[in-house]
Structure formats: C-alpha cells, structure tokens
Amino acid sequence: MSMFMRASMGMAAAKSLSGGSQTQRECSTQTRDKYYMPLPVWLRGNAYFNGAVPCRLEEAPAVDTQHSVRVALREEDGRIIVESDLFRYLPKAQMISTDTLGMAFEPEEYFETPEGEKIVFDTDLYGAKRSDTPVAGPIGP
C-alpha cells in the first residue's frame, strides 16, 4: 500500500486493510468527538440561476426561476472580458462581517484582522465601497 493511500485513509483504516488487529479496525468505526467527525459546512444566502439548485443544508437560498442569466467570454486586446447580466438579478444581501461569519471550526477563533480587530467586508474585490445592503457575492455595490 502506498504512503499516499495510508495518509489519505487514516492509519486505523490502513492497518485494517493490511491485516491489523481487530481492535484497530473497531477503533476506526467508534463514535468520536467533534474533532474526528466529518467537517461542518454552513451555507447561507447564495444565489442560484438557470436551474441550479441549493444544497439541502443551505439556509435562506435565493433561487431565481424567473430569469435566465447570460454569461459570455470575449477577448479584447489580449485580455479576457466576462460579460453578464447577472447583476440585474442578484438579490440584496447582508454585509458580511466577523459577527455574521461566527467562529471558525478548527482554531475555535473568530475571523478577524491580524491585529485582532473585527472584519467588515465593506469593499468588493476591486476595492469599491459597498452599500449597507450589498448585492450577493464579492463584486458590486
């Protein structure tokens, strides 16, 4: 068995496949605390178009079945330009911040700046100031 296979399966499972003891195999199936369970996933407020559907676990998804969003790529002067009418249909969302993100699972710490201050995502990916009720996503007012 390769080292990669052992690392990706976990040692108890790898020993089980390679003839490990009964105790080792039972170990891999026992209930453990939250640090050894599948990692948690939180989804909230994503926008879905053109027949896309949200995960069953998502809270408050915005599913738009009335509009068909167009996305096209074109090249201009050696650059790729994305053209879309998506922004016409994106719903308003809440401002994302340390308070809305909550605590990160693994370090059990809040999302904050290196100086320990709260984060407010009040600018978009291009550095433009966002409104108090921005559109969903990382780009736009």
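Helices (H or I, at least four residues) and strands (E, at least two) are DSSP runs, numbered from the N terminus. The legends below use these element names for a predicted model.

**Figure 1. Overview of the predicted model.** The secondary structure of the protein consists of 4 helices and 4 strands. Read from the N terminus, these elements follow the order α-α-α-β-β-β-β-α. The protein has 141 residues, and buried residues account for 15% of them. Its accessible surface amounts to about 11000 Å², and carbon and sulfur atoms contribute 56% of that area. Of the contacts between residues at least 6 apart in sequence, 28% link residues at least 24 apart.

**Figure 2. Confidence along the chain, with residues 1-29 in view.** The average pLDDT of the protein is 79, and 74% of the residues reach a score of at least 70. Residues 1-29 have a pLDDT below 50, and this stretch makes 16 contacts in the model beyond near neighbours in sequence. Where pLDDT is low, predicted coordinates should not be read in detail.

**Figure 3. The largest nonpolar core, with Phe 49 among its members.** The core has 5 residues: Phe 49, Val 69, Leu 90, Val 135 and Ala 136. Leaving aside residues up to four places away in sequence, Phe 49 touches Asp 64, Val 69, Leu 86, Tyr 89 and Leu 90. Val 69 and Leu 90 are therefore partners of Phe 49 in contact as well as members of the core, in which every residue is buried by definition.

**Figure 4. The hairpin of strands E3 and E4.** Strand E3 covers residues 71-76, and strand E4 covers residues 79-84. The two strands run antiparallel and are joined by 6 bridges. Between them lie 2 residues, and Asp 77 in this turn has a positive phi of about 55°. Across the pair, Arg 74 stands opposite Ile 81 of E4. Is strand E3 buried or largely in the open? The number of buried residues among the 6 of E3 is 0, so the strand lies largely in the open. In a regular strand, side chains alternate between the two faces of the sheet.

**Figure 5. Salt bridges around Arg 74.** Side chains of opposite charge can pair when their charged atoms come close. In the protein the count of salt bridges is 5. Arg 74 forms one of them with Glu 76, where the closest N and O atoms are 2.4 Å apart. Another joins the side chains of Arg 74 and Glu 83, at 2.3 Å from N to O. Arg 74 has a relative accessibility of 33% and so counts as partly exposed. Glu 76 has a relative accessible area of 32%, which makes it partly exposed.

**Figure 6. The salt bridge between Lys 129 and Asp 122.** The side chains of these two residues meet at 3.1 Å, N to O. Asp 122, at 25% relative accessibility, counts as partly exposed.

**Figure 7. Thr 133 and its surroundings.** Thr 133 belongs to the segment after helix H4, which spans 98-101. With a relative accessibility of 45%, Thr 133 counts as partly exposed. Apart from residues up to four places away in sequence, Thr 133 touches Lys 92 and Ala 93. Thr 133 and Met 95 are 38 residues apart along the chain, and their C-alpha atoms are separated by 6.4 Å.

**Figure 8. Positive phi at Asn 50 and at Glu 108.** Asn 50 is not a glycine, yet it has a positive phi of about 55°. Where is Asn 50 placed? Asn 50 sits in the loop between strand E1 (47-48) and strand E2 (62-63). Its relative accessible area is 47%, so Asn 50 is partly exposed. Glu 108, likewise not a glycine, has a positive phi of about 55°. Glu 108 is placed in the segment after H4. Its relative accessible area of 34% makes Glu 108 partly exposed.

Terms used:
Residues numbered from 1 in each chain as written. Predicted model: local features only at pLDDT ≥ 70, side-chain atom pairs only at ≥ 80, totals over all residues. Heavy atoms only, no water. Core = buried A, V, L, I, M, F, W, Y, C linked by side-chain atoms within 4.5 Å. Buried < 20%, exposed > 50% of the residue type's maximum accessible area, 1.4 Å probe, protein only. Contact = heavy atoms within 4.5 Å. Pairing = 2+ DSSP bridges. pLDDT = per-residue confidence, 0-100. Salt bridge = Lys/Arg side-chain N within 4 Å of Asp/Glu carboxyl O. Areas by Shrake-Rupley, 256 points an atom, 1.4 Å probe, with all protein chains shown as cover.
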